[in-house]
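Welcome! Take a look at it first, then read on.

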Amino acid sequence: MSAKPPILIIEPFFGGSHKQLIDTLIECLNVDDYEIFSLPAKKWHWRARTSALYFSQLIPPEHEYKVLITSSVLNLAELIGVRPDLVTCRKIVYFHENQLVYPVREVKERDCQYGLNEILTCLAADIVLFNSNFNRMSFLDNVQPFLNIQPDFKLKHIRERIEKKCEVLYFPIKFHAFPNKRHMMDMTENTEPEDCLHLIWPHRWEHDKNPKLLVEVLMELNKRQVDFKVTICGESYQAIPEAFEGLQEKLGDKLINFGHLSREKYVKTLLTGDIVISTAGHEFYGVAMLEATYCGCYPIAPNKLVYPEIYPKENLYNTSNSLIKMLYNWCRNPQVFRRTRDKFFDFFTFERYSAQHLVPKYLEKMRISV
């Protein structure tokens, strides 16, 4: 009879970056070392509410798990409460995002259960990993204000109990799986770049990525009659954002891709890009921005959220007008832009975000040798 696996991986939302992280980690593990329990990446709110109960019934009662790794979607405290046999595991929780500051359209829409789940999960965990310092600090700084919503008594000293467990471990991106545009260009001589700059917006079509600002910028550039082309890709889970309605007609042949792309076409598109833009109202890490940057796009992002942690100040804008001005000047002067981009790539380093650099650190947290 074969030995039981020592690592228990639980992912209630097995899709997007959540799946990407697990896939990247298990590539470096033996198949006999781990067991995965997951649910499809849909109905997020129900996953956060009920997945602990679901997994408590699914995970075998007879096991030899030494490590339990999960994302913050799972209510770990609930799982441990109904499955006390798992309490001896080294319990590691990864925060891709946090619900204490996740944007809602209106404050009254915020369901306090999700934030409370995450606080309880941190208290039940041994190690709490965040994908950025912005994610970590925005969570910790809001633990007490969030708990203060409770009306008739005050909960104290919770942040202090959580903070000592918290660390930042960047999301590991498999850059080595991408072709590199700059290396390809070095090998291709006598190729004249196009004068028309290709702008890329590769984000989820949801309100926290602020598609309205993107449209405002593109319409202003169009009004000023500068030459550009644009790709708007990324996943769309619901109806098309209101801001995007009629955009194809307004931009005409300047809009060369509109909608989610297959992985192969997505990578090919990034390789043709010049500038990757974020208009996010909220971002805890920004995998798509780093992937596009690695493929040779010059990143432009808001001077807030996680972005000042990753990109130099020259790549950040403070207002929509400064974003418009930056793009307008570069679309008019592609040669000036390319000199700026070359200078950026002379000093920007990808290693600290790469899977090759980071995965050993994850395995170390699990106390597993590479």
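Predicted model: local features only at pLDDT ≥ 70, side-chain atom pairs only at ≥ 80, totals over all residues.

- Two elements each give two or more residues to the side of domain 1 that touches domain 2: α5 (133–147) and α15 (355–365).
- Sorted by class, this side of domain 1 has 10 nonpolar residues, 11 polar residues and two charged ones.

**How the domains are laid out**

- Domain 1 is made of two stretches of the chain, 7–172 and 354–366, while domain 2 covers 175–353.
- The centres of domain 1 and domain 2, taken over C-alpha atoms, are separated by 31 Å.
- In the contact, 23 residues come from domain 1 and 18 residues from domain 2.

**Polar and charged links between the domains**

- How many salt bridges are there between domain 1 and domain 2? The count is zero.
- Polar contacts do occur there: eight residue pairs are in polar contact between domain 1 and domain 2, with both residues at pLDDT 80 or more.

**Salt bridges in the whole structure**

- Searching the whole structure gives 16 salt bridges.
- One of the salt bridges joins the side chains of K365 and E167, at 2.5 Å from N to O.
- K365 lies in helix α15 and E167 in strand β6 (residues 166–168), so this pair ties together parts that are 198 residues apart in sequence.

**Aromatic pairs**

- The count of aromatic pairs comes to 27.
- Among them is the pair of Y298 and F344, which is edge-to-face, with 5.4 Å centre to centre and 70° between the planes.
- Which parts of the chain does this pair link? Y298 sits in strand β11 (residues 298–302) and F344 in helix α14 (residues 334–347), distant parts of the chain, with the two residues 46 residues apart.

Key
Residues numbered from 1 in each chain as written. Heavy atoms only, no water. Domains from an automatic or database assignment. Contact = heavy atoms within 4.5 Å. Salt bridge = Lys/Arg side-chain N within 4 Å of Asp/Glu carboxyl O. Polar contact = N/O pair within 3.5 Å; in protein donor to acceptor, adjacent residues only side chain to side chain. Helix = DSSP H or I, 4+ residues; strand = E, 2+ residues; numbered from the N terminus. Nonpolar A, V, L, I, M, F, W, Y, C, P; charged D, E, K, R; others polar. Phe/Tyr/Trp six-rings, centres within 6.5 Å; stacked < 30°, edge-to-face > 60°.
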